[in-house]
Amino acid sequence: MSILFTSKSDARLLLARVLEKSRREGACRVWFGHVRGDTSVPRIRFNGALLDARKAVWAATHLGVGVPNRVKVKNTCGNPLCVEPEHVTLPGIVEASEWAFTPVVCNKCNTRKVLLSVLAFQENPCPVCRGGILEPVEETRNL
Ligand SMILES: [Zn+2]
Ligand SMILES: [Zn+2]
């Protein structure tokens, strides 16, 4: 079985559920939901299936790209419980999803950054000035 998202609404629903079951710790989002057996592999139930939460996060932010079972997840931060989309990588899978990224700008210090779209529309504190909020740049492409 592979994990594949082809609809933005399903992808957003999945990501919203993952955000509910994780809390921000620094740059990470640490999973506190169900894990597989005695391992630290986050699992999430979605549309009747029990999925590897990190693969599901990746698939939801890369619409149309299927994630085969055999692919191993690698967290760039080293924490296997982290479900932060920007920290979940699947070496060997091509990353190619235009819609997934949105340019944002800090409302205080004007720092520019590119965030995953699903995150760009939440409240994101600016990592540079720490007092500002990163907001989607106005002339951004339609999602
Ligand atoms: Zn992380
Ligand atoms: Zn700032």
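On one side of helix H1, Ser9, Ala16 and Glu20 are exposed, a residue being exposed if 12 or fewer other C-beta atoms, placed from the backbone, lie within 10 Å of its own, buried if 20 or more do, and partly exposed in between. The model is predicted: local features need pLDDT of at least 70, side-chain atom pairs count only at pLDDT 80 or more, and totals for chains, interfaces and linings use all residues. Residues are numbered from 1 along each chain as its sequence is written, while chains are lettered from A and ligands numbered from 1 in the order in which they are written.

The buried residues of H1 are Ala11, Leu14, Leu15 and Val18. These cover an arc of only 95 degrees around the axis, so they sit on the same side of H1; the arc is taken from the directions between the helix axis and the C-beta atoms. H1 comprises 13 residues, 8–20, which at 1.5 Å a residue should span 18 Å, and its end C-alpha atoms are 18 Å apart, in agreement. The expected span is 1.5 Å times one less than the number of residues.

H1 packs against helix H2 (residues 53–60) at an angle of about 140 degrees, with the axes 9 Å apart. The contact is made by Ala11, Leu14, Leu15 and Val18 of H1 and by Ala53, Ala56, Val57 and Ala60 of H2, contact meaning C-beta atoms, placed from the backbone, within 7 Å. Axes are lines fitted to C-alpha atoms, for helices over the stretch in contact, and angles run from 0 to 180 degrees between N-to-C directions. H1 and H2 are therefore oblique to each other, as angles under 35 degrees count as roughly parallel, over 145 as roughly antiparallel, 65 to 115 as roughly perpendicular and the rest as oblique.

The protein chain has three helices and ten strands, defined as DSSP runs (H or I, at least four residues, for helices; E, at least two, for strands) and numbered from the N terminus. Of its 143 residues, 27% count as buried.

Asn47 is exposed, with 8 other C-beta atoms within 10 Å. Asn110 also counts as exposed, with 11 C-beta neighbours inside 10 Å.

Technical notes
Two residues are in contact if their C-beta atoms, placed from the backbone, lie within 7 Å.
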